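Q: Could you take me on a close tour of the metal site in this model? I'd like to see how the site is built and what lies around it.

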Amino acid sequence: MLHIGLMGGSFNPVHLGHLHLAHAALESGRVDQVFFLPTGNPPHKSKSLANKYDRLRMVELALKSEERMAVCREEIDREGVIYTVDTLKRLREKWKDCRFTYLIGADTLRTLHTWRCVDEVITLCDFLVLMRPGEQDDDMAQLMDAWTARGAHIEALTAEPVDISSTQIRKRIAEGQAIDSLVPRAVADYIRENALYGNEVGMKREKMVYKLKKALDAQRFAHTLGVEETAREMAKCFGEDEDRAALAGLLHDCAKCLTLGEMVKAAKGEKLDPVMKESKALMHAVAGACIARNVYGVEDEIVLSCIRWHTTGRSGMTRLEKIIYLADMIEPNRKPFEGLEELRALCREDLDKAMHRALLMSFEHVQRQGKTLHPDTLAALQDYQPVPEVQDMPALEK
Ligand SMILES: [Fe+2]
Ligand SMILES: [Fe+2]
């Protein structure tokens, strides 16, 4: 008879401590498999509880390479208040030849008497109480004896604790701290990609992508995703904030497909020079920063500034601003232009050499067109080398 361990919980998010306990139960030989049983959404969902589908997906990702663990959707697919007694009845119905053991901690054992229809529950499953060393004291032994007398099959298992809690993880995320040592890699990626637990700046990425897809033509949309990815890679390479770089990359051209009139309207209240007001190529950066703030909910000035300066650059650019400027030029969907491959190579090696080269390329490009460089671009270039003074204010094509 297959002996299945059940691990219930909100898994908000699932973490290495959960996996550790599941392994301890398996290694004890008391169970052959462990089913993770994420709870559904309660009727009154607390703000810190991620959506049930996100929590389910995280458990799936965490268990991907665990042969003897599986996720069970039994409580996910039901609405309203869900009681363990009902879940157990359903599981028993589905898995007739199996024996179920609920894996609980010492804390849960102390509150077991509050479970709905607990006298029925103890006929439906056994219990394995996972205790920390030292936790198995006389009180605990008495409590277990009492349950045994009441008809429960209950055993204790001492397992070394792993001090990780979901609360601690959510707190770290909200504070912008790393969680990579606390959750499986794929779970950390999922949390980041979906901006769970207050990790979001404004709306979630998936919603942004959806909006961008509607706001941009297909080519610009592909370019946008290319810049997002390239910006993230470059930030990683140069030790800058990857999430900020990716967000700025994703939104840098959010205003690109508007009309000039719409851009000027979106940038109401911003300081605009006369040349800029006449140039979509320049205006979309200023308008883009405003739209990122007002429509996409971005409040991070560092990200907004990357968007604001991505067409012209400026003197004293931050490293993230440089990354967005460059990622915009070298992303994989860019039509090839002379010097692109050399620039890409520089972008992997030296941020300032790459920036200097990119500015020179812009300089040469506008010169070939018989135009002059925008003063902000000129100022950016002057950070690297002396350049002749230019009086006119041209539209910079970029
Ligand atoms: Fe742009
Ligand atoms: Fe762009």
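A: Happy to! Along the chain, the donors of the iron ion (ligand 1) follow the spacing D-x30-H-x25-H; donors here are N, O and S atoms within 2.8 Å of the metal (3.2 Å for Na, K and Ca), and since water is not among the atoms, sites may look incomplete. The protein donors are Asp253 (OD), His284 (NE2) and His310 (NE2), at 2.0 to 2.2 Å from this iron ion. Asp253 also coordinates the iron ion (ligand 2), which sits 3.2 Å from ligand 1.

A word on the ground rules: this is a predicted model, in which local features need pLDDT of at least 70 and side-chain atom pairs count only at pLDDT 80 or more, while totals for chains, interfaces and linings use all residues. Residues are numbered from 1 along each chain as its sequence is written, chains are lettered from A and ligands numbered from 1 in the order in which they are written, and side-chain values use heavy atoms, with hydrogens and water left out.

His284 belongs to helix 14 (residues 280–294), whereas His310 lies in the loop between helix 15 (301–308) and helix 16 (319–330); the pair is 26 residues apart and links distant parts of the chain. Helices are DSSP runs (H or I, at least four residues), numbered from the N terminus. His284 is buried because its relative accessible area is 1%, and His310 counts as buried at 0%. The cut-offs are under 20% relative accessible area for buried and over 50% for exposed, with partly exposed in between (1.4 Å probe, protein chains only).

Among the buried ones are Leu320, Glu321, Tyr325, Asp328 and Ile330. The buried residues of helix 16 pack against helix 10 (218–237), helix 11 (242–251), helix 15, helix 17 (340–349), helix 18 (351–368) and helix 19 (375–382), where contact means heavy atoms within 4.5 Å. The length of helix 16 checks out too: at 1.5 Å a residue, its 12 residues should span 16 Å, and its end C-alpha atoms are 16 Å apart, which agrees. That expected span is 1.5 Å times one less than the number of residues.

Note on methods. Helix = DSSP H or I, 4+ residues; strand = E, 2+ residues; numbered from the N terminus.
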